[in-house]
Amino acid sequence: MGAKRWVLVVGVAVGLLAVGGGAGFLAGRMSAPDSPPPIRPAWAGEKVQHAAAARYGNMTLRPIGLTCGMHWVSGTHAEWEARGQYCRLGIVVNNVDTAFHDLDTGAQRLVDAAGKSYKPSFDAMRIRRQPDVMTIGAHDAVALDIWFDVPNDAQVVAAQLKGDDDPSGIDPVANTPRPAGGVRVPLSW
């Protein structure tokens, strides 16, 4: 009779744990936030950007932060002085397709108030160990920083963002226009 009582006590304990754990799981799921957390926190001194994502090919690209006025870049293996000033543009890139696609970071541009565009700084990108080309998996998102060396008097007003030029992909995305030079996204400063 002692063994039956032991089995009964263990059975009740396991049942209570299962019910309590399930209720806790449900409570956690029901109290989850409505929006996802930010993909990365803002850097110190960074101007957070609230622009909508731009669609280009199989990707959407959204600026999340801009920092200008930096005169040095440093990393684990080198430091380098800007010819003018460094501007760091943080972006989030989403691959909206069911296959992987490549993002060319060198195709991104910053645009100043005079309409002049600037390509990424090879030196700063290497020192900060940012990729030239990044393969993004199906339905994946990445955040990265793109570094530019612009003149000291340049007032950055926009980014020209360019996704992939791969014609394959899901039909509505594959037929998305791909403007020459990318999609212009206004930046606040």
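Predicted model: local features only at pLDDT ≥ 70, side-chain atom pairs only at ≥ 80, totals over all residues.
Let's call a residue buried when its relative accessible area is under 20%, exposed when over 50%, and partly exposed in between, using a 1.4 Å probe and protein chains only.

Residues are numbered from 1 along each chain as its sequence is written, and side-chain values use heavy atoms, with hydrogens and water left out.

Back to those cysteines. Cys68 and Cys87 form a disulfide (a pair of cysteine sulfur atoms within 2.5 Å), with their sulfurs 2.1 Å apart. Cys68 sits in strand 3 (residues 59-74) and Cys87 in strand 4 (residues 79-95), so the bond ties together parts 19 residues apart in sequence. Strands (E, at least two residues) and helices (H or I, at least four) are DSSP runs, numbered from the N terminus.

Next, the nonpolar core: buried Ala, Val, Leu, Ile, Met, Phe, Trp, Tyr and Cys residues joined through side-chain atoms within 4.5 Å. The largest one has 35 residues, and Leu61, Leu89, Ile91, Val93, Leu110 and Leu144 touch the most other members. Strand 3, strand 4 and helix 2 (122-127) are among the elements that each supply at least two residues of this core.

Finally, there's an open sheet of 4 strands, ordered 7-6-10-11, with antiparallel pairing; two strands pair if DSSP finds at least two bridges between them. Strand 7 (117-118) and strand 11 (183-186) are the edges, each pairing on one side only.
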